[in-house]
Each structure stands twice: as structure tokens, then as C-alpha cells.
Amino acid sequence: MTIAAHTLGCKLNYAETSDLLRRLAAAGHTIVPFDQVADLYIVNTCTVTAVAEKKCRNAIHQAVANNPHAQVVVIGCFVQNDARAVASIPGVTMVLGNDRKHLLPGMIGPNGLEDIATEAPSSDMPFSPAYSSGDRTRTFFKIQDGCDYFCTYCAIPYARGRSRSATIEETLCMARRIADSGAREVVLTGVNTGTFGQQHGETLIGLLRRLDGIEGVLRYRISSIEPNLITDEMVDFVASSRAFLPHFHIPLQAGSDKVLAMMHRRYDTALYRRKLEYIKHRMPDACIAADVMAGFNGEDEQEFAKVLDFIGSLPISYLHVFTYSDRPGTAAQRLGERIPVQVRHEHTRRLLELSARKHSDFIASQMGRRRPVLWESSHHNGSMQGWTDNYIRVSAPYDAACVNTVEDVTLTPEVIVAD
């Protein structure tokens with residue numbers, strides 16, 4: 001069969017889709033781009049916002065338009081949270097929640113889906129490791145799934161289930177397979193990565209120490225980790241490790257203690273500041289990114305002024321800014337003063353401006369320094385691009401011999417790729 005897939009949402013979803021397609025290709029199916037005619041389409045969905053769900057519906061409609069006679073399988077978080085709504089979309093053949101989507105390759109035979117029975121998603125979800133492929137340079141490696149935190153704005157614990165992972169030894173086995181595939185940089189992904197191993201009596205720092213010894217992998221990045229789960233021991237390890245890079249993604253969500261408490265986040269602004277300052281103390285050139293949500297309940301102009309002041313005072317390199325949107329069934333719908341949508345968008349705009357200034361300042365601080373760059377294989381009008389260890393994008397004239405190798409580069413305005 002010809003099979004096409006479309007992925008929405010997080011890096012975790014991309015790793016899982018890639019894993020499914022790799023298994024389907026090994027079974028003899030032909031993988032084609034999503035905008036082409038295919039016998040079967042897979043849509044891996046996201047439910048983090050109402051906008052994400054709308055994009056999922058649009059992707060399903062696109063699949064049906066591409067080939068009205070195709071089978072369409074919809075999987076993932078949107079299905080897990082509202083299987084009946086997804087199954088009712090015209091053209092959908094089968095839905096699989098996060099509890100069963102890893103079984104999809106075994107359901108597809110030479111002539112399509114062999115079992116189109118749809119079951120209600122179960123809250124009992126196994127851990128299914130996965131990693132992305134197709135890019136020799138970098139892979140996203142799923143080491144953890146689920147979350148036990150239940151922040152008031154978030155539906156993901158309901159869609160992804162409780163925190164779970166494989167053991168360290170099982171994770172190392174897959175990491176060695178990734179190394180054998182030729183990928184030189186591995187991005188560790190999860191829903192709440194810092195809780196890796198908790199059901200096995202193991203820890204994330206224990207895994208990091210073991211991963212550092214795997215030959216073939218030149219670089220590791222930790223995609224996201226909660227501030228309350230970052231320990232000084234972990235920071236010290238990254239600062240002295242062989243392969244872990246000085247690049248941290250640390251969700252903030254709100255720069256106001258009042259709003260953080262309403263969100264049920266497990267830290268306050270003082271703890272967040274301490275974590276970032278310790279990272280910068282140990283790794284002065286480290287890149288630190290933060291997720292920030294704009295316009296959550298209670299974020300009036302007085303609180304937003306605190307947000308801007310707090311973030312402005314932090315050694316942050318750039319922000320991922322999200323506009324708060326109401327999620328049915330979450331506790332946030334019952335909390336505090338609702339912020340008008342137009343005000344939420346205004347807060348988003350101002351945070352994006354702050355992020356641009358922060359990133360510009362970070363780039364300026366690195367001018368003249370030599371940083372190691374992993375060169376990628378893609379062409380960009382005769383040039384190749386890559387990322388420094390501290391996540392600055394640079395370019396150079398294309399040289400096939402340099403692809404998938406690490407080279408020290410002096411950072412100048414001429415080599416840095418503009419945003």
C-alpha cells in the first residue's frame with residue numbers, strides 16, 4: 001500500500017509517527033508525502049489547544065480530499081480525549097487513542113486495515129519507546145510519556161496518561177540502535193522528562209550518565225524539563241559531560257507567583273530564578289529557552305507588568321510564547337478572572353517582542369566566540385546550515401564532506417542565520 005502521515009503537536013508526536021512509518025516501510029508499504037494520493041492516511045493529533053484540534057480536523061479533511069476512497073486512521077491525543085467526536089468526522093475509517101496507536105502497523109495488511117473495529121480509549125497506556133528517522137544528523141528520542149502534575153490549564157495528563165518510561169537498560173538499547181543508524185545528535189523528549197524512571201526506582205540523572213558513554217552519539221539535548229526537577233547535580237553533570245550540550249528548555253508558563261499558584265505549577269519565581277542563575281554560573285554561554293503562556297486567568301495588567309519585569313531580569317535566551325485558550329474539562333475554567341481574548345493577544349505580542357530582544361542580546365554575547373557546529377545535509381542555495389552547541393543557527397558554503405560532522409566555527413554576523 002501507499003501510506004501518508006501528518007503529525008500535529010509536539011516532538012513526541014513526531015517521534016511516534018516516524019517510528020510507525022519506519023515499521024510500516026519495513027513491512028513493505030510505500031511511504032509518500034501527505035499531499036499526494038495514498039491508499040491510507042494517518043493523522044497523529046494534538047489536543048493541547050482548541051486551535052490544535054481545529055488543525056487536526058483540517059488535516060483529516062485534506063486527507064479525504066486527496067483521495068476520497070482512501071482509509072483514514074486518526075490517532076493520538078485528540079482521539080484519547082474525544083474519540084466519539086473524531087470518529088464522527090466524515091471520511092474517518094478508524095480512531096486509535098494513545099493506548100493503542102502503537103499497534104497500528106499490525107492492523108494494516110497488503111490491502112489496508114484488516115480490523116477496523118474502534119474501541120473506546122483506555123486510561124491504561126503502556127510505554128512505547130520511539131525515535132524519529134529520516135534525518136541522519138538529528139533524532140528525537142522518546143524516553144518518557146505521560147504526566148502526573150495536572151496543571152489546571154492542561155488536558156495532556158488525560159490524553160497521555162500517568163508518567164511512565166522504560167528502564168535505563170531498555171532505553172540504552174534503543175539509544176545504541178539510534179547511534180548505529182548514524183544520527184549524531186539525539187534530542188531527549190517526553191511529556192514530563194524529569195520524571196523518567198520513577199516507577200522503576202531510577203532517575204533521569206542516572207540515565208544521562210549512562211547515555212553519555214554511548215559511542216557514536218556526539219551530542220545530546222534535553223528538550224524540556226520542569227524547573228523543580230532540575231537539580232544542581234544535573235547541571236554540574238551537563239557542564240562536565242562529554243556529549244550533553246549547554247542548552248536548556250525550562251517551562252516557566254507565568255512570571256507571576258499569583259498566576260503560577262492558580263496554574264498549580266510546582267515552583268515559584270524565586271525557585272525559577274535560582275535554577276537559571278546556577279546554570280549560567282556553571283555554563284555562562286548556555287542557551288536557556290522558556291515556555292510562557294500569555295493571558296491566563298488572573299493575568300490582569302498589574303500581574304502582566306510583573307511578568308515582563310521578571311522575565312526581563314532573567315538570563316533567558318528566547319521564549320516560546322503561547323496564547324492561553326480555554327480547554328473544556330480543565331480546572332482553569334472555574335478559576336479566577338477571565339482575561340478578554342484581545343488582551344491575551346496583546347500580552348502575546350509584547351512577550352514576543354521581549355523574546356526578540358532577549359535573543360538578540362544572547363546572539364550579541366556570543367560574537368567572536370568559537371563554538372562547535374554540527375552540519376546538516378540539506379542545501380540552502382549553495383550553503384549548508386547547522387546548530388552550535390548552544391543553539392545558534394549558522395551557515396557556510398556547502399561541503400558534502402562536512403555533513404554530519406562537528407566543526408568549530410567563529411561566530412560573526414556573516415555566518416549567523418537570521419531568524
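Predicted model: local features only at pLDDT ≥ 70, side-chain atom pairs only at ≥ 80, totals over all residues.
1. Let's start with the aromatic rings. There are nine aromatic pairs in the structure. One of them is Tyr318 with Tyr391, a stacked pair whose centres lie 6.3 Å apart, with 20° between the planes.

2. Where do Tyr318 and Tyr391 lie? Tyr318 belongs to strand S14 (residues 318-323), while Tyr391 is in the loop between strand S16 (383-388) and strand S17 (393-397). The pair therefore ties together parts that are 73 residues apart in sequence.

3. Have a look at how covered these two residues are. Tyr318 is buried, with a relative accessible area of 12%. Tyr391 is partly exposed, at 25% relative accessible area.

4. Rings can also gather in a cluster: ring pairs link Tyr153, Phe296 and Tyr324.

5. Arg22 has its charged end over the ring of Tyr131, 3.8 Å from the ring's centre. The charged end of Arg266 sits over the ring of Tyr149, also 3.8 Å from its centre.

6. Now for the strands. Seven of them make an open sheet with mixed pairing, in the order S8-S9-S10-S11-S12-S13-S14. S8 (130-131) and S14 are at the edges and have a single partner strand each, so one side of each lacks a neighbour in the sheet.

7. Inside that order, S10 (residues 185-189) and S11 (residues 219-222) run parallel and are joined by four bridges. To see how they line up, find Val187, which stands opposite Arg221 in S11.

Terms used:
Residues numbered from 1 in each chain as written. Heavy atoms only, no water. Phe/Tyr/Trp six-rings, centres within 6.5 Å; stacked < 30°, edge-to-face > 60°. Helix = DSSP H or I, 4+ residues; strand = E, 2+ residues; numbered from the N terminus. Buried < 20%, exposed > 50% of the residue type's maximum accessible area, 1.4 Å probe, protein only. Lys NZ or Arg CZ within 6 Å of the ring centre and 35° of its normal. Pairing = 2+ DSSP bridges.
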